[in-house]
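User: Could you show me how to read the strand pairing, the core and the buried charges in a model like this? I would like the general idea and then the case at hand.

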Amino acid sequence: QVQLVESGGGLVQPGGSLKLSCVASGRTFSIYRMGWFRQTPGKEREFVVGIAWTGRITGYADSVKGRFTISRDNAKNTVYLQMNSLKPEDTAVYLCAQDYNPYGLDYRSQGFGFWGQGTQVTVSS
């Protein structure tokens, strides 16, 4: 019954920006930790960043620190990923995720039990 729907992906040149959105439904959004992952065919799913129900940001991947920013708007049941200074190696399907349990604070990449279908981000000139 939990549904996560991503949007905002597309084609962008290196150095450009995109903002992804993920709208959640099915449970009380405000008490669940949210996160973003990315996946390229043939590679393991990579944790990008998480945000606790309190708003605490957890676990930015080293590869995106200083370039990506996660935020959430509980009134809209939405989590965002602002991506700046994009690089070709950022190309992937970006997936949002929700913690299996409520009130998660600092569990980094572990404990996410619900997933969206993903949105494609392609960084190319």
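This is a predicted model: local features need pLDDT of at least 70, side-chain atom pairs count only at pLDDT 80 or more; totals for chains, interfaces and linings use all residues.

User: How many bridges join β1 and β3?

Analyst: Strands are DSSP runs of E with at least two residues, numbered from the N terminus, and two of them pair if DSSP finds at least two bridges between them. β1 and β3 (residues 18-25) are antiparallel, with five bridges.

User: In what order do the strands of the open sheet follow one another?

Analyst: The order is β1-β3-β8-β7, four strands with antiparallel pairing. β1 (3-7) and β7 (68-73) are at the edges with a single partner strand each, so one side of each has no neighbour in the sheet.

User: And what should I notice about β5?

Analyst: Its partners and its turns. β5 pairs with β4 in the antiparallel sense over five bridges, and M34 has I51 in β5 as its bridge partner. The hairpin of β4 and β5 has six residues between the strands, and G42 there takes a positive phi near 85°. On to β6 (residues 57-58): two bridges join this strand to β5, again antiparallel, with G50 opposite T58. That hairpin has five residues between its strands, and G55 in the turn shows a positive phi of about 95°.

User: Which residues have the most contacts inside the largest nonpolar core?

Analyst: In soluble globular proteins, nonpolar side chains tend to be buried together. Buried means under 20% relative accessible area, exposed over 50% and partly exposed in between, with a 1.4 Å probe and protein chains only. A nonpolar core joins buried Ala, Val, Leu, Ile, Met, Phe, Trp, Tyr and Cys residues through side-chain atoms within 4.5 Å. Here the largest one has 25 residues, and W36, F68, L81, M83 and Y94 have the most contacts inside it. Elements that give two or more residues include β4 (32-39), β5 (46-51) and β9 (92-102), while β3 gives the most, with four residues.

User: How far is E6 from R45, the nearest side chain of opposite charge?

Analyst: The distance is 8.4 Å, and E6 is buried without a salt bridge; a salt bridge needs a side-chain nitrogen of Lys or Arg within 4 Å of a carboxyl oxygen of Asp or Glu. The side chain of E6 does have backbone nitrogens beside it: that of C96 at 2.8 Å and that of G118 at 2.8 Å.

User: How many salt bridges does the whole structure have?

Analyst: The search finds five. In one of them, D99 meets R33 at 2.9 Å, N to O; because D99 lies in β9 and R33 in β4, the pair ties together parts 66 residues apart in sequence. D99 is buried at 4% relative accessibility, and R33 is buried at 0%.

User: Which residues are linked in a network of salt bridges?

Analyst: R38, E46, R67 and D90. The closest N and O atoms of R38 and D90 are 2.9 Å apart, and R67 meets D90 at 2.7 Å, N to O. Both R38 and D90 are buried, and R67 is buried with a relative accessible area of 9%.

Terms used:
Residues are numbered from 1 along each chain as its sequence is written. Side-chain values use heavy atoms; hydrogens and water are left out. Lys and Arg count as positive and Asp and Glu as negative; His and the chain ends are not counted. A polar contact is a pair of N or O atoms within 3.5 Å; within protein, one must be able to donate a hydrogen and the other to accept it, and residues adjacent in sequence count only if both atoms are side-chain atoms.
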